[in-house]
Amino acid sequence: MKIEPITGRYGHLEIEGRPHRLYWEEAGEGIPLLCLHTAGADGRQWRALLNDPEITRRHRVIAYDMPRHGKSSPAPGTVDEDYRLTADGYVAQVLAVCDALELEKPVVMGCSIGGRVVLHLAERRPERFRALIGLQSGAAVPPYYDTGWLHRPDVHGGEICGAFAYGLMAPTSPAAEVDETRWHYMQGGPGVFRGDLFYYTVDGDFRDRVARIDVAKCPLHLLTGEYDYSCSPQDTRALAEALGIGWTLMPGLGHFPMSENPQAFLAHLRPVLERIRAA
Amino acid sequence: MFADLMRTGGEGTALARRARGLCARVMLRAGADETLVIVQGGAVVSVQPGPFVMPSWDVAISAPAEDWRLFLQAVPPPGSHDVMALVRRGAMRFEGNLHPLMANLMYFKLLLASLRPEPAA
């Protein structure tokens with residue numbers, strides 16, 4: 001049996017005054033690199049990064065499951081609450097995890113909703129981070145379908161969430177990785193994907209706040225896959241131009257670059273991490 | 001454009017096994033051209049090209065012919081590789097009772113994609 005170098009553990013911490021039992025995986029030593037998964041998924045999306053010896057030789061790579069996602073259950077007594085992720089709640093969550101794990105000036109890399117929250121982090125707490133990396137990051141995604149379909153009693157939530165995730169990937173991504181990625185969505189808790197999209201499409205709208213980011217206080221790197229129609233390359237380009245920074249287009253990748261085609265993604269990520277280390 | 005669905009999604013196919021409980025009349029529109037696809041027990045049992053005088057259907061999926069052509073390429077370009085990508089950019093419209101479509105979304109995505117030629121090796 002081949003055993004991966006990833007370790008998974010549970011930790012107990014408070015997020016916005018509520019106790020949580022949170023699951024995270026990590027591998028490597030060096031500069032902390034905290035990875036944030038997409039809406040409705042979990043930390044398994046970062047499996048290739050956690051298994052990459054070149055990156056883990058220089059970075060302590062950490063991927064946690066957000067509450068209600070993966071192995072992180074809802075806070076006690078909240079399972080029946082109408083879940084809606086908010087910008088304030090998401091920022092508080094990331095900062096709480098950084099504090100609990102005692103991460104000093106980590107690099108935070110997030111994808112999709114994670115790519116959005118790095119903008120909120122850059123605005124609110126730039127001094128806390130060595131650098132921020134936004135994958136599939138844009139200032140806003142206006143709703144383009146009724147997310148109510150994702151959580152209703154006459155439609156299987158796992159089936160429809162998996163189908164939505166499937167379409168966001170590139171047709172050229174390896175089938176095994178595509179299947180792994182959509183399976184994460186098929187395992188999501190009821191209403192979780194929809195609740196995350198409340199942040200993505202409504203509460204986390206960042207259009208009026210872009211000018212508040214000072215990239216001199218914390219470097220911000222943006223990378224976007226060309227097949228993503230949720231956060232499209234045009235969305236990232238508009239954000240980058242507003243911030244006055246460059247960005248990376250990733251050909252042949254979709255909305256889940258680190259999970260749908262990890263090796264292609266890592267080829268784009270490595271030079272970014274080199275620049276962060278050299279700065 | 002859609003005639004081959006009888007072969008790719010007919011009885012006994014893997015696609016038919018995926019949606020065993022599905023019965024729906026699906027109108028596919030490519031520009032002004034209409035095709036009525038009847039699915040029974042998950043299998044495509046009829047593909048009727050229009051025009052129709054009084055068509056009866058549960059759900060309609062409509063896009064300009066050029067957008068269907070892009071979608072049906074072996075390796076479709078960004079923005080045309082998935083029905084929701086087409087919806088996102090306003091090129092495709094779902095109408096009618098969307099429940100059969102949304103409750104079987106993966107089936108419909110794979111059924112329509114089954115019309116694509118195999119990518120060149």
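Tyr107(B) counts as buried, because its relative accessibility is 2%. Buried means under 20% relative accessible area, exposed means over 50%, and partly exposed lies in between (1.4 Å probe, protein chains only). Phe108(B) is also buried, with a relative accessible area of 4%. This is a predicted model, in which local features need pLDDT of at least 70 and side-chain atom pairs count only at pLDDT 80 or more, while totals for chains, interfaces and linings use all residues. Residues are numbered from 1 along each chain as its sequence is written, chains are lettered from A and ligands numbered from 1 in the order in which they are written, and side-chain values use heavy atoms, without hydrogens and water.

Aromatic pairs were then examined. Rings of Phe, Tyr and Trp (its six-membered ring) pair if their centres lie within 6.5 Å; planes under 30 degrees apart count as stacked, over 60 as edge-to-face and the rest as tilted. In one of them, the ring centres of Tyr185(A) and Phe193(A) are 5.1 Å apart and the planes stand at 75°, so the pair is edge-to-face. Both Tyr185(A) and Phe193(A) are buried. The rings of Tyr107(B) and Phe108(B) are also edge-to-face, because their planes stand at 75°, with centres 5.2 Å apart. One aromatic cluster is formed by Tyr144(A), Tyr145(A), Phe164(A) and Tyr229(A).

Lys109(B) belongs to helix α6 (residues 105-113) of chain B. Helices (H or I, at least four residues) and strands (E, at least two) are DSSP runs, numbered from the N terminus. Lys109(B) is buried, with a relative accessible area of 4%. Contact means heavy atoms within 4.5 Å. Leaving out residues up to four places away in sequence, Lys109(B) touches Ala163(A), Phe164(A), Tyr166(A) and Gly167(A), as well as Asp82(B), Val83(B) and Met84(B). Lys109(B) and Ala19(B) are 90 residues apart in sequence; their C-alpha atoms are 12 Å apart in space.

Helix packing was described in chain A. Helix α5 (residues 157-167) of chain A packs with helix α6 (residues 175-186) of chain A at an angle of about 140°, and the axes are 7 Å apart. Axes are lines fitted to C-alpha atoms, for helices over the stretch in contact, and angles run from 0 to 180 degrees between N-to-C directions. Angles under 35 degrees count as roughly parallel, over 145 as roughly antiparallel, 65 to 115 as roughly perpendicular and the rest as oblique. α5(A) and α6(A) are therefore oblique to each other. On the α5(A) side, the residues in contact include Gly158(A), Cys161(A) and Ala165(A); on the α6(A) side they include Val178(A) and Tyr185(A).

Helix α4 (residues 113-124) of chain A and helix α7 (residues 192-203) of chain A pack at about 50°, with axes 10 Å apart. These helices, α4(A) and α7(A), are therefore oblique as well. Ile113(A), Arg116(A), Val117(A) and His120(A) of α4(A) make the contact with Asp196(A), Tyr199(A) and Tyr200(A) of α7(A).

Backbone geometry was considered last. Most residues other than glycine have a negative phi, and most peptide bonds are trans. The peptide bond from Gly50(B) to Pro51(B) is cis, with omega near 5°. Pro51(B) sits in the loop between β3 (43-49) and β4 (59-63) of chain B. Glu102(A) has a positive phi, near 55°. Glu102(A) lies in the loop between α3 (87-100) and β5 (107-111) of chain A, and counts as exposed at 72% relative accessibility.
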